[in-house]
Amino acid sequence: MKGKAAKSILLSVLVFTMVFVSACSTKNNEGKEPEGSSAPTSKTETSSPEETAVSYDPLGKIDPPIEVTAVRMLDSTTKFAEGDSIDKNAWNQLYFDEFGIKLKYLWVADPTQYNQKFNVTMASGKLPDIMPVDGTQFNQLVEADQLADLTEALENYGTPLTKELLSKDGGLGLDSASFGGKLLGIPVNPGANDNAPLLWIRTDWLKKLNLPEPKTMDDVFKIAEAFAKQDPDGNKKDDTYGLGLDKLLYDAVFGLHGFFNGYHANPQIWVENEAGEYVYGSIQPEMQVALAKLQEMYKAGWIDREFGVKDIEKLIQAGNAGKLGMFFGVMYANSYFVEGKKLDAEMDWMPFALPSIDDQQAKPQLVFPIGKYFVVRKGMEHPEALIKMLNAFHNDWDKTKYPLTAINQDGDIAKWVYALVTGSNPTQNLDMYTRVSSALEKNDETLLDPKASGQKIFYDSLKKWEAGDSEGWMYARIFDAQKLLHDYHQSNGFLMTKYIAGPTPTLVEKGSTLEKMELETFTKIIMGESSIDAFDEFVTNWKNLGGDAITAEVAKWKASK
């Protein structure tokens, strides 16, 4: 159940077509290096012999051509057309034809082997010119002063579109890659907003029990009690519960983050205290208050008594069986209950903004979303090669010269994955919401972005829903959730973790142990197996077993910015 639903939502909802390039590969030059080129160079001289002006061409050729070494990961299931390989394909040819960049891979590794092989490469000190790295590797290379400053390269050679996409997250990605005024990597930010927690409620049960929609956390408590005690499914049995959660507590889809955010508590992220220090959210006093309330709700029977031994599959099954009335989850969480909707046409899950325990707005917390950077080794003569490759990925190439079947998709062969340097649009779903809303309002689907196939899926589904076709329900409710996320984004209503980097050394070493301790302690508190005072003991143990060291490393990182 989970796998199929997740796969469906990722393919058809979250992974919208990015601003993909068209493609390169001409029959005349395929696989061959041209002897010469009439393309513009990156630097030209003015007619005056006394002055030399530098002209930066983001899509121009480096003259004379250069060889660029690289490493990369490549899934073993990657398909190639006959005659193609990772060393010979339309993308590599485009790099040479358009930019004068001859790409040479030193090695290619499966994702399961990449990190180990790259760590060996780092230890050897023989780095390639361009390389993709994760957050931990990025931190290590920054610490070792092994990376080129890309500030001028991006400023001079980045196309307007490349710069726009890199800044659409409000500067989060570039800030995470900048140290001491130097841009040391190009972030790939898939976006954080889609993972923000919202409150999901069966509104058909609200109507049946004559309950108002929630405005405050007190409303949430009343709804949870009614769903558990007033037989909302009408079977005259005590077999429903108000608030859904599973043994992970912080599950990526149905986690309790939103509940804690209602108390202005922020588990598993780093927040800034009154002294301006970055501190771990899970050990702050607000967490203890929220845990005490969850303990009370559990004791009252509003929460499944067996949640501590049930995984996400059991939670999904309960929802589809009509036994669950409310949960906190991400914007596409209702997609897991399509089966339940088919069994009970009245079932209707609706998303709501996070209620607050007081008069202060609850802010959905966001985790740092960037797990990949493209970097250049320090000393490379042409660091702008990386920027040009990124431009290529975003550029809308002449399709007569570079057809989509050459570097985007050809049947079941995804050719865009051959590109060494790729980019992303961190607000693609927010953009989708804006586009689709406008198209619906004006009843004009020509307003949709033809490059983003997901927009048409939503538009058609919402039209079906308006016409009374239940097949459009899943997308309609996800669209409602997107509106909430759009409003949060517009009002700066999210709370991003303050630590925006890969794991610190101590977090790598002791993070799993600390996380396990946190989960076990909080679960026992909620279930009443431990008193609420166990929270204070947890905080002390967390600090002593590595938390203080991690906090010091986070402080050191903050100072480096």
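## Cavities inside the model

On a 1 Å grid over the protein atoms alone, a cavity is a set of points where a 1.4 Å probe fits but cannot get out, and lining residues have an atom within 4 Å of a point. Points are joined across faces, edges and corners, and a volume is the space filled by probe spheres set on them. This is a predicted model, in which local features need pLDDT of at least 70 and side-chain atom pairs count only at pLDDT 80 or more, while totals for chains, interfaces and linings use all residues. Residues are numbered from 1 along each chain as its sequence is written, and side-chain values use heavy atoms, with hydrogens and water left out.

Searching the whole structure turns up 3 cavities of 30 Å³ or more. The largest cavity holds about 100 Å³ of space. It is lined by 13 residues, and Leu165, Leu166, Pro187, Asn189 and Ser424 are the closest to its centre. Helix H6 (160–167) and helix H14 (384–394) are the elements that give two or more residues to this lining; helices are DSSP runs of H or I with at least four residues, strands are runs of E with at least two, and both are numbered from the N terminus. H6 gives the most, with 3 residues.

## The second largest cavity and Thr427

What is the volume of the second largest cavity? It is about 40 Å³. Its lining includes Pro190, Asp194, Asn425 and Thr427. The lining residues divide into 4 nonpolar, 6 polar and 1 charged (Ala, Val, Leu, Ile, Met, Phe, Trp, Tyr, Cys and Pro count as nonpolar, Asp, Glu, Lys and Arg as charged, the others, Gly among them, as polar).

Thr427 sits in the loop between strand E15 (413–414) and helix H16 (428–442). Thr427 counts as buried because its relative accessibility is 6%, where buried means under 20% relative accessible area, exposed over 50% and partly exposed in between, with a 1.4 Å probe and protein chains only. The side chain of Thr427 also makes a polar contact with that of Lys168, at 3.1 Å. Such a contact is a pair of N or O atoms within 3.5 Å; within protein, one must be able to donate a hydrogen and the other to accept it, and residues adjacent in sequence count only if both atoms are side-chain atoms.

## A look at helix H6

Thr162 belongs to helix H6. Is Thr162 buried or exposed? Thr162 is buried, with a relative accessible area of 0%. Neighbours within four places in sequence aside, Thr162 is in contact (heavy atoms within 4.5 Å) with Leu154, Leu390, Asn391 and His394.

Terms used. On a 1 Å grid over the protein atoms alone, a cavity is a set of points where a 1.4 Å probe fits but cannot get out, and a pocket is an open set with protein on both sides within 12 Å along at least five of seven lines; lining residues have an atom within 4 Å of a point.
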